[in-house]
Amino acid sequence: MEAWNDFAANPGQIFDESQIVSFVSEFNSLSLAALVEHSLGASKAAVRESLGKVRPGLLDFAQLISPEAGEILEELGRRSQGITQQRFGKVIRLFAPLYLSNECVNNCKYCGFSRDNPILRVTLTVEEVRREARALAEQGFRNILLVSGEHPRFVSTNYLADCVRAVREEAPGVSLEVGPMESEEYRPLVQAGGEGLVVYQETYDRAIYADLHTAGPKRNFEWRLETPERAYAAGFRRLGIGALFGLGDWRQEALSVAAHAGYLLRHCWKAQLSISLPRLRPSAGEFEPLTHLSDRELTQLLCAFRLTFPDVALVLSTREPPRLRDGLMALGVTLMSAGSHTEPGGYTGAGKDKLHHTERGRIVELGASEWARLGAAAQATGQFQTADERSPREVAELIRRQGYEPVWKDWDAALSA
């Protein structure tokens, strides 16, 4: 795309695309500090120029997330809303996450599933996964995202493929958010019926990434960064990326996501791309955010992504509170979760009979008095606390009241055979 080469002629030469062999190479060539500085210093005239472009580039994106652009947020919102309705119509696709396991070998300071956290864990059987999927289907969902911690002993490729097949019997749209794999490991999941792969880099800041990931395969920054490309090579037709806001500087993270999106749109063009904008939520371990992204800045960021990537799906999860979700819905969002549970068995209570407590990666037997203290309501620990606890039907009704159509299913297997 020519627009993404606009800045290559810049004396600063942000990156030289002729040398690119993977996004890692492109990312390593990016001058993120210069891009952030450019954003912070953007003039009102520069913002207006970027706002008028049909095909904005990365420098334009930097200007659209600038403080000056924040001063004309209402105008950004109107433009973003118009582009979204033009490209997607007045529809919001709904999906639900289905957590398979909260076992994990990684130590990530911000995650509730982190190996060292003393929490209750469980891995659902395939039949329990099927029960969870059936419960979601009964609520109306036809798009389900399978989520799991990374632990090869509990969550193998064969297990995941079996889960995909089981869920496909209840819902036609199945995507996965699991630990990164080789392309050859992904292929059985595609053959089983998996259509999408979601992987967040968490933070694109190498120093922060190294500090937050203290143990496990997730420590490998570049291996994770190349995951969407391996997933594409395996045949996934939907790819999802994003950063977890609250870890690094939000403008630097956003610019990294934008550069990543631009690369994937050029090189993985047969797949549909989605971008998520999750903000850090409270979880086991009580990690405190390192940085802050305000509601207003999140709104500006959403509009900037829509203006720069008019055909990309933008995702808003139940991490955000109801009032904010309701307000952002019309500005550029095309995909929303609803009624989400972030613990395995959250929709049916599945797995409660085999809960176990771990500390620093080891199973620790709890005494009768400790189990009694937890009570009959004991359940597996969730990855994080959700903020929007409305039921799927309540969310769907709100979407209708705003003049939009909630879409539970957006394709038919018979049409893609």
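Analyst: Let me begin with a pair of facing residues: L176 stands opposite L197 in strand 6. Please keep in mind throughout that this is a predicted model.

User: OK, and how does the chain cross from strand 5 to strand 6?

Analyst: The chain goes from strand 5 through helix 9, residues 183-191, and then into strand 6, making a β-α-β crossover that is right-handed. Strands 5 and 6 run parallel and are joined by two bridges, with strand 6 covering residues 196-198.

User: What about strand 4, how many bridges join it to strand 5?

Analyst: Five bridges join them, and strand 4, which spans residues 143-148, runs parallel to strand 5. Within that pairing, L146 stands opposite L176 in strand 5. The chain passes from strand 4 through helix 8, residues 157-168, to reach strand 5, and this β-α-β crossover is right-handed.

User: Is strand 5 mostly covered or mostly open?

Analyst: Strand 5, made up of residues 173-177, is mostly covered, since four of its five residues count as buried under the 20% limit on relative accessible area.

User: Which strands form the open sheet with antiparallel pairing?

Analyst: That sheet has three strands in the order 3-12-13. Strand 3 (119-121) and strand 13 (362-363) are its edge strands, each pairing on one side only. Two bridges hold the antiparallel pairing of strand 12, residues 356-359, with strand 13, and in that pairing E359 stands opposite R362.

User: Now the rings, how many aromatic pairs are there?

Analyst: The count comes to 11 aromatic pairs.

User: Where do Y186 and F236 lie?

Analyst: Y186 lies in helix 9, whereas F236 lies in the loop between helix 12 (227-234) and strand 8 (238-242), so this pair ties together parts that are 50 residues apart in sequence. Y186 is buried, with a relative accessible area of 0%, and F236 is buried as well, at 2%.

User: What about Y209 and F221, how are their rings arranged?

Analyst: Y209 and F221 are edge-to-face too, at 5.1 Å centre to centre and with 90° between the planes. Because Y209 belongs to helix 10 (residues 206-212) and F221 to helix 11 (residues 221-225), the pair ties together parts that are 12 residues apart in sequence. Both Y209 and F221 are buried.

User: Which residues do ring pairs link into a cluster?

Analyst: The cluster consists of F23, F27, Y204, Y209, F221 and Y263, linked through ring pairs.

User: Last one: which residues lie over the faces of W223 and Y404?

Analyst: R230 lies over the face of W223, at 3.5 Å from the ring centre, while K90 lies over the face of Y404, at 5.1 Å from the ring centre.

Notes
Residues numbered from 1 in each chain as written. Predicted model: local features only at pLDDT ≥ 70, side-chain atom pairs only at ≥ 80, totals over all residues. Heavy atoms only, no water. Buried < 20%, exposed > 50% of the residue type's maximum accessible area, 1.4 Å probe, protein only. Pairing = 2+ DSSP bridges. Right-handed = clockwise from strand over helix to strand, strands pointing away. Phe/Tyr/Trp six-rings, centres within 6.5 Å; stacked < 30°, edge-to-face > 60°. Lys NZ or Arg CZ within 6 Å of the ring centre and 35° of its normal.
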